[in-house]
There are 2 protein chains.
Amino acid sequence: MAGPLPVSPLALPLPVLPPIAGVRLATAEAGIRYHGRTDVLLVELAEGTAVAGVFTKNLCPGAPVTYCREVLPGGQARGLVVNAGNANVFTGAAGARAAEETAQAAAATLGTSADKIFLASTGVIGERLQAQKIVAAMGGLKANLAEGGLEAAARAIMTTDTFPKAATRTARIGGVDVTIAGIAKGSGMIAPDMATMLSFIFTDAAIPAPALQAMLSKGVDHTFNCITIDSDTSTSDTVLLFATGQAGNVPTEDPGELADFRRALQEVLHDLAMLVVRDGEGAQKLVQITVEGAVSNASAKRIALAIANSPLVKTAIAGEDANWGRIVMAVGKAGEPADRDKLGVAVGGVWMAQAGGVVPGYDETPVVKHMQGREIEITVEIGLGQGRATVWTCDLTHGYIDINGSYRS
Amino acid sequence: MAGPLPVSPLALPLPVLPPIAGVRLATAEAGIRYHGRTDVLLVELAEGTAVAGVFTKNLCPGAPVTYCREVLPGGQARGLVVNAGNANVFTGAAGARAAEETAQAAAATLGTSADKIFLASTGVIGERLQAQKIVAAMGGLKANLAEGGLEAAARAIMTTDTFPKAATRTARIGGVDVTIAGIAKGSGMIAPDMATMLSFIFTDAAIPAPALQAMLSKGVDHTFNCITIDSDTSTSDTVLLFATGQAGNVPTEDPGELADFRRALQEVLHDLAMLVVRDGEGAQKLVQITVEGAVSNASAKRIALAIANSPLVKTAIAGEDANWGRIVMAVGKAGEPADRDKLGVAVGGVWMAQAGGVVPGYDETPVVKHMQGREIEITVEIGLGQGRATVWTCDLTHGYIDINGSYRS
């Protein structure tokens with residue numbers, strides 16, 4: 001690409017990010033691929049920090065994903081190292097060694113063991129990660145560790161992202177205020193060159209790892225796993241949730257006591273996932289697709305994703321065309337129970353088709369106006385049951401071709 | 001769209017098409033949607049013609065597909081009516097009536113019963129097909145029926161196609177020469193507005209319907225079902241094979257006696273499928289993807305299609321970038337058995353990656369040159385078994401966005 005990408009028209013400003021007790025961050029310019037910008041992040045986590053994680057389902061994952069999966073069952077974290085510019089994917093034994101060396105160096109720097117260090121890498125695939133550049137940066141990173149570095153962290157992990165992404169909420173557990181703050185990067189649901197989705201969420205709440213993992217897994221299911229840019233699945237997608245326990249609440253796994261925290265976590269995950277879609281490669285419109293009346297929630301989600309991943313639906317939206325014929329096609333190709341004579345399609349709340357046919361004499365004016373906006377809402381009624389799901393995507397534009405069709409420079 | 005699309009740079013000229021004994025064709029301007037061009041095709045088939053068919057797996061099929069599925073078990077055909085401009089999809093009971101009326105009119109015109117008439121429609125979705133326009137054209141069509149109208153037929157069924165598509169072969173059955181000739185249309189693997197894939201193949205061979213069906217189903221599996229433009233599945237895809245029995249061979253179902261016919265049919269299906277890919281919306285390059293060493297042929301095909309449908313792989317090819325990282329990503333997202341440390345990727349016959357890593361010091365020069373050509377060959381070695389499959393697709397370019405992102409006019 002010649003020069004930086006223009007900032008997405010769907011970008012939102014960074015919120016004010018509070019420090020999280022027990023979390024200290026530092027960024028540095030390690031020169032892994034980029035120059036003149038930060039590209040490595042070190043996070044120090046207080047003794048006793050619990051951790052939960054979810055990772056890509058891609059069967060050819062990067063070395064850092066393999067590493068994290070190995071140490072996650074311990075449930076404890078003392079550090080996190082993230083680099084941008086090289087994904088350390090498809091690098092064989094050398095990749096595993098680079099991950100191990102990075103973890104060892106971070107462990108020594110933070111005075112802990114490598115099985116409490118978590119790793120993530122994002123950037124080009126198939127080139128060896130020069131771990132020594134990260135190792136060499138450790139001293140400087142340690143010296144700069146400070147609370148309140150989340151905004152700088154959000155910038156250091158960017159690749160093809162056109163804006164930094166963060167979200168925060170507060171909640172109460174047993175009468176004690178706790179805070180959640182998270183950062184994310186990603187702008188293709190994945191472009192393995194550059195645009196893997198990574199997210200790191202920190203809280204000062206005291207929550208044991210198993211309860212943390214349950215909440216994260218369920219939360220991701222309705223947020224990050226409900227967004228798609230281009231149907232491609234990164235080799236490196238990683239979401240990690242760290243709970244330092246510094247807020248002073250009594251540690252609890254009780255679902256009732258955690259209800260407010262669960263709500264707040266869900267909102268943070270939702271916000272971060274929406275920010276990734278808003279930075280979808282070439283995105284001009286944010287699209288919400290709700291499927292109702294499917295035979296189950298899982299069926300509704302599969303239908304919704306078939307619509308969201310259809311290039312024909314996405315190009316129609318780019319063209320501001322409320323093309324319900326393509327939506328019907330996508331419902332049919334999902335392979336889920338559907339009856340063409342019961343289908344309904346609404347755009348912006350206006351039903352264009354119902355019971356298998358065009359709504360006679362429906363007024364196209366509000367639909368045309370809605371399609372010209374930045375945020376598009378599509379609702380599909382299947383008419384067979386109570387299953388329901390909402391997913392989010394963006395349109396497919398010339399910008400996507402520009403970003404992904406240019407020769408690697 | 002403003003004006004006609006430029007002819008695909010991958011277009012091939014029409015072959016000389018022989019008449020098929022027992023097949024008479026006529027085209028007419030019925031004015032269903034287009035003006036100043038033919039848009040309806042009537043085919044009269046000799047008494048005793050056997051028929052085989054395969055149809056879209058989309059669960060919201062058009063009325064003509066439903067109609068054909070109902071009459072196909074009879075195994076006999078006397079006529080075929082095809083219209084372009086309106087797909088008769090998502091039109092409810094009115095759509096079923098339009099199909100019925102068309103079939104009744106054709107049956108009366110050809111002096112047969114409606115259960116021996118086959119139908120196909122392609123064009124916009126969700127608008128009522130005005131069957132009376134087709135019915136009104138029947139008299140003129142009958143008067144014009146003639147052998148040797150295949151080229152005109154190939155043109156009459158086009159929608160967003162940029163060139164007409166046909167293929168022909170000869171074969172011997174029991175010492176008798178038989179001829180096969182087929183036509184096709186389609187330029188998105190589907191754009192339901194306009195670009196459904198239809199193919200009609202005619203032969204003068206005498207082959208009973210069950211044997212014909214078996215050969216067609218198997219043949220389609222390795223040809224039309226191995227091509228993808230954009231992963232979307234039409235509501236109207238239809239392939240019909242008619243055998244008039246006029247060549248004079250002794251009717252046979254013996255696989256040995258049919259071997260040469262099977263070879264010739266396979267070649268016709270292959271040629272027609274390749275022509276559809278060559279007219280893929282916005283296509284600048286024809287891409288052949290072969291997966292070897294998978295755990296089974298079915299697994300190899302799923303992996304190959306995951307690569308062929310990946311927007312990131314397709315945009316990389318458009319950018320003439322031999323981006324094997326994206327190919328590895330696509331292998332991983334296919335969900336089939338794969339081991340990243342055994343993967344190999346070759347482009348244009350040159351292995352870029354083997355055994356899970358870049359081939360040290362490989363010469364990029366021939367790969368770069370290959371990527372700049374019109375026909376791209378990608379081979380992926382999985383390294384786990386003997387499973388093998390080849391699929392074909394095209395690149396994803398600005399042209400695709402132009403064609404599909406413009407407002408319906």
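This is a predicted model: local features need pLDDT of at least 70, side-chain atom pairs count only at pLDDT 80 or more; totals for chains, interfaces and linings use all residues.
Two residues are in contact if their C-beta atoms, placed from the backbone, lie within 7 Å. By that rule, ten residues of domain 1 of chain A are in contact with eleven residues of domain 2 of chain A.

**Chain A as a whole**

- Chain A contains eleven helices and 15 strands.
- The C-alpha trace of chain A spans about 70 × 55 × 35 Å along its principal axes.
- A compact globule of 409 residues would have a radius of gyration near 22 Å, and chain A agrees with this, at 22 Å.
- Of the 409 residues in chain A, 62% are buried.
- Among the contacts in chain A with a separation of 6 or more, 80% are between residues 24 or more positions apart.

**The two domains of chain A**

- Chain A is divided into domain 1, residues 23-278, and domain 2, residues 286-404.
- The centres of domain 1 and domain 2 of chain A, taken over C-alpha atoms, are separated by 33 Å.
- On the side of domain 1 of chain A that touches domain 2 of chain A, there are six nonpolar residues, three polar residues and one charged residue.

**Chain A against chain B**

- Contacts between the chains involve 54 residues of chain A and 54 residues of chain B.
- Four elements of chain A each supply at least two residues of the side that touches chain B: helix H8 (311-318), helix H9 (324-333), strand E13 (357-358) and helix H11 (398-404).
- H9(A) gives the largest share of that side of chain A, with eight residues.
- By class, the side of chain A that touches chain B has 21 nonpolar, 23 polar and ten charged residues.

**How the two copies are related**

- The same surface serves both copies, as 100% of the contact residues of chain A recur in chain B.

**Helix H1 of chain A**

- Helix H1 of chain A covers residues 63-71, and its buried residues are Ala63(A), Pro64(A), Val65(A), Tyr67(A), Cys68(A) and Val71(A).
- The buried residues of H1(A) pack against strand E3 (50-55), H2, strand E5 (117-124) and strand E9 (238-243) of chain A.

- Most residues other than glycine have a negative phi.
- Phe90(A) has a positive phi, near 60°, and is a residue other than glycine.
- Phe90(A) is in the loop between strand E4 (79-86) and helix H2 (92-110) of chain A.
- Phe90(A) has 29 other C-beta atoms within 10 Å and is therefore buried, the cut-off being 20 or more.
- Ala355(B) is not a glycine either, yet its phi is positive, at about 50°.
- The loop that holds Ala355(B) lies between strand E11 (350-354) and strand E12 (357-358) of chain B.
- Ala355(B) has 14 other C-beta atoms within 10 Å, so Ala355(B) is partly exposed.

Notes. Residues are numbered from 1 along each chain as its sequence is written. Chains are lettered from A and ligands numbered from 1 in the order in which they are written. Ala, Val, Leu, Ile, Met, Phe, Trp, Tyr, Cys and Pro count as nonpolar, Asp, Glu, Lys and Arg as charged, and the others, Gly among them, as polar. Domain bounds come from an automatic or database domain assignment. The radius of gyration is taken over C-alpha atoms; the globule rule is 2.2 Å times the number of residues to the power 0.38. A residue is buried if 20 or more other C-beta atoms lie within 10 Å of its own, exposed if 12 or fewer, and partly exposed in between; C-beta atoms are placed from the backbone.
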